[in-house]
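Here's a short tour of one protein model, taking in a sheet and then a single residue. Have a look at it before reading on.

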Amino acid sequence: MSRHLLEIKDLKKIYPLRNGKNGFFGPKKHMSAVDGVSLYINEGETYGLVGESGCGKSTTGRIIVGLTKADSGTVIYEGKDIGAMSEKEFRPLRNELQMVFQNSLSALNPRRRVGDILDEILAVHQMTDSAARRERVLDTLRKVGLSEEHYFRFPHELSGGQVQRLGIASALIIGPKLIVCDEPVSALDVSIQAQILNMLVELQRELDLSLLFISHDIGVIRFISDRIGVMYLGSLVEETDTETLFDKPLHPYTKTLFAAVPDPYIKGGGFRALEGEQPVRTEDFSGCAFRSRCPYATEKCEKEKPEFREVEPGHRVACHYIGK
Ligand code: ADP
């Protein structure tokens with residue numbers, strides 16, 4: 001039976017709203033970037049998190065790897081509550097939870113050569129034997145489709161795809177168990193995207209990695225994920241395995257997302273693509289988050305927040321009118 005490597009429960013994160021003062025001297029308003037997200041990721045599994053930009057995907061990912069602190073909720077990794085750990089207690093786990101960003105270049109030291117960047121990561125993690133470090137660096141470069149030839153280059157001398165490969169190498173080199181991939185191919189040409197996605201799938205199988213793959217791109221999410229969570233305005237609105245989601249999407253938001261994709265094999269169920277923007281979830285927000293854009297919204301949706309519940313085995317949906 002597959003084992004949960006990571007489980008997050010009722011995660012919440014609030015940020016002060018930019019330009020959100022109540023009058024000139026009034027109290028500052030806040031917005032919920034993440035509002036009660038619960039999910040698990042099994043060992044060796046890829047969980048895809050999809051939704052429009054600004055719905056809280058990155059914040060969720062950053063909380064999981066410890067880059068952002070949640071206001072409430074728990075992050076259980078291998079049975080341990082890592083959200084409650086001190087920095088010192090969390091340090092040994094840091095290399096097991098890694099993150100790859102959309103723009104890896106900005107996270108790399110531009111004055112260091114590729115080999116030195118990777119070598120330094122190993123040195124920081126107390127690998128003292130320099131010959132062993134060099135061997136590991138070269139092995140990792142080969143794993144991500146780079147070679148010895150790239151060892152002495154500077155990051156700005158690499159192509160966009162190669163930079164993302166280097167970003168993946170930086171995450172891989174210290175042997176993580178879970179990598180949060182935050183839009184890692186979104187800035188690349190489609191042909192390069194496919195190469196990197198194929199590489200990630202192979203690496204995952206070879207190294208038995210778990211991935212939390214974040215993207216706004218339905219096609220990318222469909223290709224890479226075993227299970228998918230659809231997020232809207234800080235909350236999950238639907239979650240199931242990839243085949244079921246694309247065969248039988250249930251939540252109106254999922255259907256409108258699919259309707260926006262010009263692919264005849266992705267079913268939007270006759271729905272129209274969404275117009276307008278997501279509202280902001282401020283403290284006084286009530287009811288269903290999707291109600292302002294939902295064609296079926298009723299008075300109940302304005303007043304009551306729908307529970308995110310299992311409507312079929314392994315298929316969770318947050319809508320008053322589904323599965324009843
Ligand atoms: P996504 O990854 O889905 O695009 P994010 O998690 O980046 O969404 O952002 C969710 C919301 O939280 C957005 O409205 C964003 O502006 C806000 N947000 C994210 N980080 C911060 C921050 N450090 N300070 C203030 N607001 C933030």
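## Two paired strands

Strand 3 (residues 46-50) and strand 9 (residues 227-232) run parallel as a pair, joined over four bridges. Strands here are DSSP runs of E with at least two residues, helices are runs of H or I with at least four residues, and both are numbered from the N terminus. Two strands pair if DSSP finds at least two bridges between them. Look at Leu49, for instance: its bridge partner in strand 9 is Gly229.

Helix 9 packs on the sheet too, touching strand 9 and strand 10 (235-241), where contact means heavy atoms within 4.5 Å. The helix direction makes about 100 degrees with that of strand 9; such angles run from 0 to 180 degrees between N-to-C directions, using axes fitted to C-alpha atoms, for helices over the stretch in contact.

## How the model was read

This is a predicted model: local features need pLDDT of at least 70, side-chain atom pairs count only at pLDDT 80 or more, and totals for chains, interfaces and linings use all residues. Residues are numbered from 1 along each chain as its sequence is written, and side-chain values use heavy atoms, leaving out hydrogens and water.

Zoom out and you'll find an open sheet of eight strands, in the order 6-7-8-3-9-10-12-11, with mixed pairing. Strand 6 (97-100) and strand 11 (309-312) are the edges, each pairing on one side only.

## A look at Thr282

Thr282 sits in the loop between helix 9 (252-259) and helix 10 (299-303). Leaving aside residues up to four places away in sequence, Thr282 touches Leu17, His30 and Met31.
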